[in-house]
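Trainee: I'm new to this one. Could you show me how to read it, step by step?
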Amino acid sequence: MKKLSLLAVISALFFANSAMAHNVQLNTNLPSVTVAEDGELIVQGKKINYKTWSSASLSGKVRVVHHLAGRSSVKEKNQGLMNAIKNAGFDRAKYQTTTIINADDAIVATGAFVKSSAEDGKLENPHSQVILDQNSTVKKAWQLKEKESFIAVLDKSGKVQFVSEGKLSPAQIQQVIDLTKQLVLQ
């Protein structure tokens, strides 16, 4: 009886963990998704406008895609990677960072701050692609965890070459930088 109970517990844990895992697969495109509200931030002069964004637009350049909950604690998790990307100085004609901020997964009553922070970040880094997702559209489509950070490296055809959810280790940060360098040279 104890063996049967242990087997039931192990099975439940396995299926609970697999149910919470993202659905992003290596060597495939990211699952298709469109963000209509607010969408991609576009700089026009010193003003920010918004347009509908689709994951179908991710081909053409090597990309690091960073999806994160609209919380400063989550942003800090992979700030080391973002700093390493800035230091790497990738060719902007061949590389772009895509940051997707899930404003729906923010601390209650901080939505205006999250939006303002996203706009300030876009003005500071106009060459980066920033998407503000008000309805967890991307999180749902990619089956991502709440209150978490997600990183994917895409080749220029839009195929996933690296994927991880949560804080990257220093070795993973180096792996992302090395892989991105390699893909930019191809």
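Mentor: Gladly! Let's begin with pairing: two strands pair if DSSP finds at least two bridges between them. Keep in mind that this is a predicted model.

Trainee: In which sense do β3 and β6 pair, and over how many bridges?

Mentor: In general, strands of a sheet pair through backbone hydrogen bonds, either parallel or antiparallel. Here β3 and β6 are antiparallel, with six bridges. Across that pairing, arginine 63 faces leucine 154 of β6.

Trainee: How do α3 and α6 cross?

Mentor: Two packed helices are described by the angle between their axes and the distance between the axes. For α3 and α6, the axes come within 10 Å and cross at roughly 35 degrees, in a right-handed crossing. Gly80, Leu81, Ala84 and Ile85 of α3 meet Ile173, Val176 and Ile177 of α6. Six of these contact residues are nonpolar, one is polar and none is charged.

Trainee: Which residues touch the most other members of the largest nonpolar core?

Mentor: Val64, Leu81 and Ile85 do, in a core of 18 residues. α6 contributes the most, with six residues. A second, separate core has 16 residues, including Trp142 and Leu154.

How values were computed
Residues are numbered from 1 along each chain as its sequence is written. This is a predicted model: local features need pLDDT of at least 70, side-chain atom pairs count only at pLDDT 80 or more; totals for chains, interfaces and linings use all residues. Side-chain values use heavy atoms; hydrogens and water are left out. A nonpolar core is a set of buried Ala, Val, Leu, Ile, Met, Phe, Trp, Tyr and Cys residues joined through side-chain atoms within 4.5 Å. Buried means under 20% relative accessible area, exposed over 50%, partly exposed in between (1.4 Å probe, protein chains only). Helices (H or I, at least four residues) and strands (E, at least two) are DSSP runs, numbered from the N terminus. Axes are lines fitted to C-alpha atoms, for helices over the stretch in contact, and angles run from 0 to 180 degrees between N-to-C directions. A crossing is left-handed if the near helix is turned anticlockwise from the far one by less than a right angle, and right-handed if clockwise. Contact means heavy atoms within 4.5 Å. Ala, Val, Leu, Ile, Met, Phe, Trp, Tyr, Cys and Pro count as nonpolar, Asp, Glu, Lys and Arg as charged, and the others, Gly among them, as polar.
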